Amino acid sequence: FLGFTFRRRTARRGDGKLFPGFSPAISNKAKQAIVKTMSEWSVERLTLLTIIGLSKRLNPQVRGWFNYYGKFYPSAMKGIGKVVDFHLGKWVRWKFPKGCAHHGRATAWLAPFRESSAHLFEHWVC
């Protein structure tokens, strides 16, 4: 219903004890739609943009996804954050083909931005 799946999940009561609850989280169909949308954007081809320009371009949509689908069960959005990071890594590899040709080097290039400028991308803040 509206991109959410309702099922039994562990919840925490006010006194801190865990109990089996019935709460919503992002549905698999909505996750697949987000992954497809990210692929259609061809983020890696936007090599003329800086990381700040890229964040200004992507962040409104990513923020909307995280605010909408992460409202009730934010930990279910971790997979979407990984997808966004994967596409950012592809962008780094295309932008700097000689220095960051491998995924590990691209991730290392993004690491200082993730630590010092976490506000650039919404999923880095969560």
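**Close-up views of helix packing**

**View A. Helix 1 against helix 2.** Helix 1 and helix 2 (residues 51-69) pack with their axes 13 Å apart and at an angle of about 175°, where axes are lines fitted to C-alpha atoms, for helices over the stretch in contact, and angles run from 0 to 180 degrees between N-to-C directions. The two helices are therefore roughly antiparallel to each other, a term for angles over 145 degrees, with those under 35 counted as roughly parallel. Ala30, Ile34, Thr37, Met38 and Trp41 of helix 1 make the contact with Leu58, Gln61, Trp65 and Tyr69 of helix 2, contact meaning heavy atoms within 4.5 Å.

The model is predicted, so local features need pLDDT of at least 70 and side-chain atom pairs count only at pLDDT 80 or more, while totals for chains, interfaces and linings use all residues. Residues are numbered from 1 along each chain as its sequence is written, and side-chain values use heavy atoms, with hydrogens and water left out.

**View B. Helix 1 against helix 3.** The axes of helix 1 (residues 28-41) and helix 3 (residues 78-95) come within 11 Å and cross at roughly 10°, which makes helix 1 roughly parallel to helix 3. Lys31, Ile34, Val35, Met38 and Ser39 in helix 1 meet Ile80, Val83, Val84 and His87 in helix 3.

**View C. The buried residues of helix 3.** Among the buried residues of helix 3 are Ile80, Val84, Asp85, Leu88, Trp91 and Arg93, buried meaning under 20% relative accessible area with a 1.4 Å probe and protein chains only. What covers the buried residues of helix 3 includes helix 1, helix 2, helix 4 (103-116) and helix 5 (122-125).

Terms used. Helices (H or I, at least four residues) and strands (E, at least two) are DSSP runs, numbered from the N terminus. Angles under 35 degrees count as roughly parallel, over 145 as roughly antiparallel, 65 to 115 as roughly perpendicular and the rest as oblique. Buried means under 20% relative accessible area, exposed over 50%, partly exposed in between (1.4 Å probe, protein chains only).
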